[in-house]
Structures are given as structure tokens and as C-alpha cells.
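Here is a brief report on one structure. Please look over the sequence and the fold before reading on.

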Amino acid sequence: FNHTQIHLFLFAMVLMIFITSLMGNTLMIILIHVDPQLHMPMYFLLSQLSFMEMMLVSTIVPKMAANYLMDTRSISPTGCGVQIFLLLTLGGSECFLLTAMSYDHYVAICHPLCYPILMNQKLCLLVTSGSWLLGGIDGLMQAGATLSFPYCHSREINHFFCEAPSLVRLACADTTIFEFFMYVCCILMLLIPLSLILASYSLILAAVLCMRSAGTGKKAFKTCSSHLVVVGLFYGTIMFIYMRPKSNDSEDHDKVVSVFYTIFTPVLNPLIYSVRNKEVKGALRRWLE
């Protein structure tokens with residue numbers, strides 16, 4: 001951003017979205033923690049998603065705001081490495097967590113009698129820990145590899161934060177092996193979880209179509225459609241950034257698309273899950289009373 005009126009308006013809008021995202025996700029975590037009726041695997045996973053989204057937006061916007069208000073456009077190598085590590089860690093963890101949430105919906109709709117056995121507290125903790133661990137490994141490897149390249153010419157990143165593909169473009173070394181490694185990571189972290197999510201919802205759709213009760217089927221479809229909106233926004237934008245052939249002409253498009261998964265998606269998640277969820281709205285009502 002520069003200090004023109006239109007950019008001042010855009011900066012104010014981003015700041016408002018950031019504050020709304022923090023408040024919405026914090027409220028979601030508090031409601032799930034304090035309301036006994038939300039002490040279920042589905043909402044435990046949702047609280048983890050809200051926590052990841054809070055961290056994701058906090059990794060980007062505060063530094064952007066500080067640069068704008070102090071009229072600087074710099075970031076230290078350490079700060080750049082931390083941003084890349086956190087973004088990849090949170091992005092990878094969210095991929096696996098969304099897969100776990102789709103499995104939770106599948107069990108709840110297709111095998112409701114077995115739900116307490118198939119989705120117990122131990123499994124939820126195991127799935128959540130595994131999501132964080134796999135995301136952390138991916139973030140550590142890719143951040144380390146990105147920062148290991150020599151940057152001997154331009155050090156100006158054409159982006160509003162440090163993102164691995166934008167930084168690698170500036171490296172004065174052959175990055176072919178790293179780009180291949182990044183594609184392999186994307187297949188493991190994006191395509192495999194996405195395939196599992198689509199398989200889960202295909203089975204759910206088949207089960208919903210066979211339901212005799214229209215009310216039950218409508219409720220199941222409504223719950224799953226919310227999750228599919230989140231999955232579509234998150235996976236669509238990340239795959240556009242990390243799995244598309246790189247070119248200098250695409251840098252401006254990358255910046256626009258990155259806004260969606262780093263700033264817009266974290267504010268949409270609590271809205272989607274609260275407005276379309278009777279249990280969450282009921283918990284909010286009880287908490288306010």
C-alpha cells in the first residue's frame with residue numbers, strides 16, 4: 001500500500017477484516033470451551049480450525065500494518081523465515097484438519113450408532129496432534145530450503161508478505177530441484193487430503209439421497225455444505241499459488257489470490273459455521289444470557 005486515498009481505504013478494510021477475524025474465531029473457541037453441549041469431536045476440531053485461522057491472519061496483517069504505519073517496506077531475513085515457516089505449517093495443518101472434519105461428518109451421517117466409538121476423544125487428540133506435526137515438518141523443510149538459496153541480486157519481494165514461491169523467484173541459483181520438491185509436497189499435503197475429502201462427501205451425498213426423512217437429509221446437507229465452502233476456498237487458492245507453473249507475469253495474480261487464503265478465509269470460517277449452525281447459535285444465546 002501507498003498513502004493514496006484508495007489505498008488508505010483498502011488498508012482500513014484489511015485492518016477491519018483482521019479484527020473481525022480475531023474476534024470471530026476467539027468467540028468460536030470460547031463458546032466451544034464453555035458450553036457443555038459443544039463438547040463433541042466435531043466442535044473440538046472446529047476450535048482447532050479457528051485457532052489455526054487466528055494464527056494464520058496474525059502472521060500476515062500485523063507486519064503489513066506496521067510497515068504501512070511506519071512507512072517502511074522491509075523485513076528481516078529471520079522475520080521472513082518465520083513467516084514462511086508459520087504459513088506453511090498452518091496451511092499444511094489445516095489441510096489435514098479439514099480432512100479429519102470431513103471424516104467426522106461422514107461417520108456422524110453414515111454411521112451414527114458407531115460415532116462414539118469411531119470418533120472418541122483419544123482419536124481427536126491423535127488426529128489434531130498429527131495435523132500439527134505434519135504441517136510443522138513441511139514448514140520446517142520448505143522454509144529451510146527457501147532460505148538456503150543465495151540472493152545476490154534483487155532483494156525486493158513482489159508481495160505483501162514472505163511467501164516461498166515469490167522469494168524463490170529472486171534466487172540466483174538453480175531452483176529446479178526445489179520446485180520439484182515443492183510439487184511433491186503439494187501432492188502429499190493438498191491432493192491426497194482433497195481426494196479423501198471428496199471421497200467422504202461422495203459417500204455422504206449417497207447416504208443423504210437414500211434417507212427417507214427429508215428433515216434429516218436437509219440438516220445433513222446443510223452441515224456438509226458449510227464445510228465444502230471452506231474447503232473450496234482454502235484448497236482452491238492454495239493450489240493456484242503452489243501448483244501452477246511459475247512466471248513473472250503471474251506475480252500480481254498471486255498477490256490477489258493470496259489475500260483470499262490469508263485474510264478473507266479466516267474471517268469467513270466463523271461466519272459460515274456460526275450463521276449456518278443451530279448449536280453454535282444456541283450456545284451464543286445461552287452465553288449472552
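## Model and annotated spans

The model is predicted. An unreviewed UniProt entry places the feature "transmembrane region" at residues 6-31, 43-61, 81-103, 123-141, 180-211, 223-244 and 256-275.

Two of these spans can be checked against the coordinates. Residues 123-141 are 100% helix and 0% strand. The end C-alpha atoms of that span lie 27 Å apart. Residues 180-211 are 97% helix, again with 0% strand. Here the end C-alpha atoms are 45 Å apart.

## Helix H1 against helix H10

Helix H1 covers residues 5-34, and helix H10 covers residues 278-288. They pack at an angle of about 80°, and their axes are 10 Å apart. H1 is therefore roughly perpendicular to H10, as angles from 65 to 115 degrees count as such.

H1 brings Leu27, Met28, Ile30, Leu31 and Val34 to the contact. H10 answers with Val280, Ala283, Leu284 and Trp287. By class, the contact has nine nonpolar residues, no polar ones and no charged ones.

## The largest pocket

The largest pocket holds about 1200 Å³ of space. Its lining counts 38 residues. Nearest the centre of the pocket lie Arg73, Ile157, His159, Phe160 and Phe161.

Which helices each supply at least two residues of this lining? They are H1, helix H2 (41-69), H3 and helix H9 (251-275). By class, the lining of the pocket has 22 nonpolar, ten polar and six charged residues.

## The largest cavity

How many cavities of 30 Å³ or more are there? The count comes to one. The largest cavity has a volume of about 160 Å³. It is lined by 15 residues. Leu88, Gly92, Asp138, Ile238 and Tyr242 lie nearest the centre of the cavity.

Helix H3 (77-110), helix H5 (121-147), helix H7 (176-210) and helix H8 (214-242) each give at least two residues to the lining of the cavity. By class, this lining has eleven nonpolar, three polar and one charged residues.

Key. Residues are numbered from 1 along each chain as its sequence is written. This is a predicted model: local features need pLDDT of at least 70, side-chain atom pairs count only at pLDDT 80 or more; totals for chains, interfaces and linings use all residues. Side-chain values use heavy atoms; hydrogens and water are left out. On a 1 Å grid over the protein atoms alone, a cavity is a set of points where a 1.4 Å probe fits but cannot get out, and a pocket is an open set with protein on both sides within 12 Å along at least five of seven lines; lining residues have an atom within 4 Å of a point. Grid points are joined across faces, edges and corners, and a volume is the space filled by probe spheres set on the points. Helices (H or I, at least four residues) and strands (E, at least two) are DSSP runs, numbered from the N terminus. Ala, Val, Leu, Ile, Met, Phe, Trp, Tyr, Cys and Pro count as nonpolar, Asp, Glu, Lys and Arg as charged, and the others, Gly among them, as polar. Axes are lines fitted to C-alpha atoms, for helices over the stretch in contact, and angles run from 0 to 180 degrees between N-to-C directions. Angles under 35 degrees count as roughly parallel, over 145 as roughly antiparallel, 65 to 115 as roughly perpendicular and the rest as oblique. Contact means heavy atoms within 4.5 Å. UniProt positions are given in the numbering used here, feature names are shortened, and annotations may be inferred rather than shown by experiment.
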